[in-house]
Amino acid sequence: MKKQQQEQQHIAIFTTASIPWLTGTAVNPLFRAAYLANEGDRRVTLVIPWLTVKHQKLVYPNSITFRSPSEQEAYVRRWLEERLSFRLGFQIRFYPAKFATDKRSILPVGDISNAIPDEEADIAVLEEPEHLTWFHHGKKWKTKFNYVIGIVHTNYLEYVKREKQGRVKAFLLKYLNSWVVGIYCHKVIRLSSATQEYPNHVVCNVHGVNPKFLEIGLRKLEQQKLQEQPFTKDAYYIGKMVWSKGYKELLKLLEKNQKELAELEVNLYGDGEDSEEIKEAARKLDLKVNVYPGRDHADSLFHNYKVFLNPSTTDVVCTTTAEALAMGKIVVCANHISNEFFKQFPNCRVYDDGNGFVRATLKALGEQPSQLTEQQRHELSWEAATQRFIKASDLSRLSRVDSNLSKRSAFASSSISVGKNLEDMSAYIHFLASGFETSRRAFGAIPGSLQPDEELCKDLGLSPMLPNSLKED
């Protein structure tokens with residue numbers, strides 16, 4: 001029995017966000033941890049960011065804050081238990097982090113790989129590997145862990161292109177991303193071809209949907225079989241309320257086609273930094289476009305909508321599109337590489353231009369959604385996504401004892417010699433550059449993020465003398 005435990009893979013999943021922030025990198029890694037652990041032959045630890053109360057107030061909705069990591073862990077577990085039918089078999093640990101208001105993102109503080117003790121460091125999954133390694137200063141991930149898998153969630157280049165001097169910034173960011181991901185990851189999984197290419201990558205959607213959405217879809221299917229009216233509302237969109245999340249494209253399409261869509265009523269749901277501007281733009285339209293605060297997509301409020309409109313082209317694989325399909329709705333989305341996975345489903349209607357958007361939307365409003373087959377529902381599930389992840393990452397071909405990737409001594413204390421290979425030398429350059437406040441700030445790091453501050457140390461039980469050393473649970 002002891003030998004089996006020693007040979008059992010230990011997977012540490014590091015991610016860039018956490019519940020109660022209902023963003024993709026909070027929700028999807030949480031479900032991934034639960035389903036990987038539920039298979040029973042692997043030990044799984046989910047490593048999520050801890051923010052001080054001051055930073056929590058900048059991120060978490062509805063004024064939710066936590067006084068301690070254990071309080072947030074209890075909240076996360078309750079949220080997940082309400083959505084799953086099996087016992088949660090994974091651990092949760094925290095790493096120190098801060099919220100960057102300019103990037104609207106949570107960024108790590110210090111060497112977050114220390115959240116996992118060396119003796120447990122087997123396989124690391126970096127959800128958003130570029131995001132987790134831009135400013136990493138500490139052990140080389142490939143040194144700390146036997147095998148490192150990166151899952152690329154975000155099309156950063158598309159977001160950056162929309163900023164001032166965006167093309168220049170995107171050009172530089174592309175090479176920075178390729179550099180850090182190549183240094184720190186053995187394997188990279190791109191959820192779709194919408195993201196940039198990386199060394200040793202494979203394209204595969206390894207996300208599923210919360211099973212509650214599939215249950216809603218089954219109830220709608222039963223209503224259709226009984227010849228009841230399963231959908232009584234027209235069209236809606238839900239997403240973080242920032243222009244780059246598809247709102248700009250959607251409002252432009254509605255504005256240019258107001259005459260053709262005169263009878264259409266669209267409801268928008270979301271919270272975000274651009275909420276007031278989006279409300280004002282919606283008010284200027286002759287169409288009936290209502291703007292409401294964000295809500296959980298599984299809320300009963302959304303069950304009776306028939307058509308989900310999503311013109312976004314910044315997503316890699318849109319979680320809410322998958323959820324809408326699982327609920328049995330018709331999805332009208334752009335003919336874009338981020339939507340390739342969804343084209344296999346009969347209720348996915350793509351368009352190429354404004355005329356196509358009008359045709360697809362009117363056709364969707366005038367008919368009932370197709371009934372999903374059992375196989376189609378399975379493709380949307382986390383069971384299927386977990387198997388795709390295991391295959392894409394080559395996990396089934398690795399074991400704790402016979403991995404051909406062996407650990408070396410800690411990178412920070414390794415001697416650098418002329419004989420070092422290019423990758424190690426490149427990693428050392430990154431290690432040096434990320435070790436100075438001036439160079440970190442020049443590349444956009446949060447001030448004071450090289451080491452956890454006194455408040456983060458106190459919250460996480462870190463030693464002020466050794467701020468990069470996390471205590472074991």
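Colleague: Are tyrosine 60 and phenylalanine 66 buried or exposed?

Modeller: Buried means under 20% relative accessible area, exposed over 50% and partly exposed in between, with a 1.4 Å probe and protein chains only. Both tyrosine 60 and phenylalanine 66 are buried. Please note that this is a predicted model, in which local features need pLDDT of at least 70 and side-chain atom pairs count only at pLDDT 80 or more, while totals for chains, interfaces and linings use all residues. Residues are numbered from 1 along each chain as its sequence is written, and side-chain values use heavy atoms, leaving out hydrogens and water.

Colleague: How many aromatic pairs does the structure hold?

Modeller: A pair of aromatic rings is described by the distance of the centres and the angle of the planes. Rings of Phe, Tyr and Trp (its six-membered ring) pair if their centres lie within 6.5 Å; planes under 30 degrees apart count as stacked, over 60 as edge-to-face and the rest as tilted. The structure holds 27 such pairs. In one of them, the ring centres of tyrosine 60 and phenylalanine 66 are 6.1 Å apart and the planes stand at 70°, so the pair is edge-to-face. The rings of tyrosine 237 and phenylalanine 308 have centres 5.8 Å apart and planes at 45°, so that pair is tilted.

Colleague: Where do tyrosine 237 and phenylalanine 308 lie?

Modeller: Helices (H or I, at least four residues) and strands (E, at least two) are DSSP runs, numbered from the N terminus. Tyrosine 237 belongs to strand S9 (residues 233-238) and phenylalanine 308 to strand S12 (residues 305-310), so their pair ties together parts that are 71 residues apart in sequence. Tyrosine 237 is buried at 2% relative accessibility, and phenylalanine 308 is buried at 0%. Ring pairs also link both residues into a cluster with Tyr236, Tyr247, Tyr269, Tyr292, Phe302 and Tyr305.

Colleague: At what angle do helix H2 and helix H15 pack?

Modeller: Axes are lines fitted to C-alpha atoms, for helices over the stretch in contact, and angles run from 0 to 180 degrees between N-to-C directions. Helix H2 (residues 24-38) and helix H15 (residues 382-392) pack at about 85°, with axes 10 Å apart. Angles under 35 degrees count as roughly parallel, over 145 as roughly antiparallel, 65 to 115 as roughly perpendicular and the rest as oblique; H2 and H15 are therefore roughly perpendicular. Contact means heavy atoms within 4.5 Å, and the residues making this contact include Phe31 and Arg32 of H2 and Trp382 and Phe389 of H15.

Colleague: What lies over the face of phenylalanine 389?

Modeller: A charge sits over a ring if NZ of Lys or CZ of Arg is within 6 Å of the ring centre and within 35 degrees of the ring normal. Arginine 32 lies over the face of phenylalanine 389, at 5.5 Å from the ring centre. Likewise, arginine 77 lies over the face of phenylalanine 90, at 5.2 Å from the ring centre.
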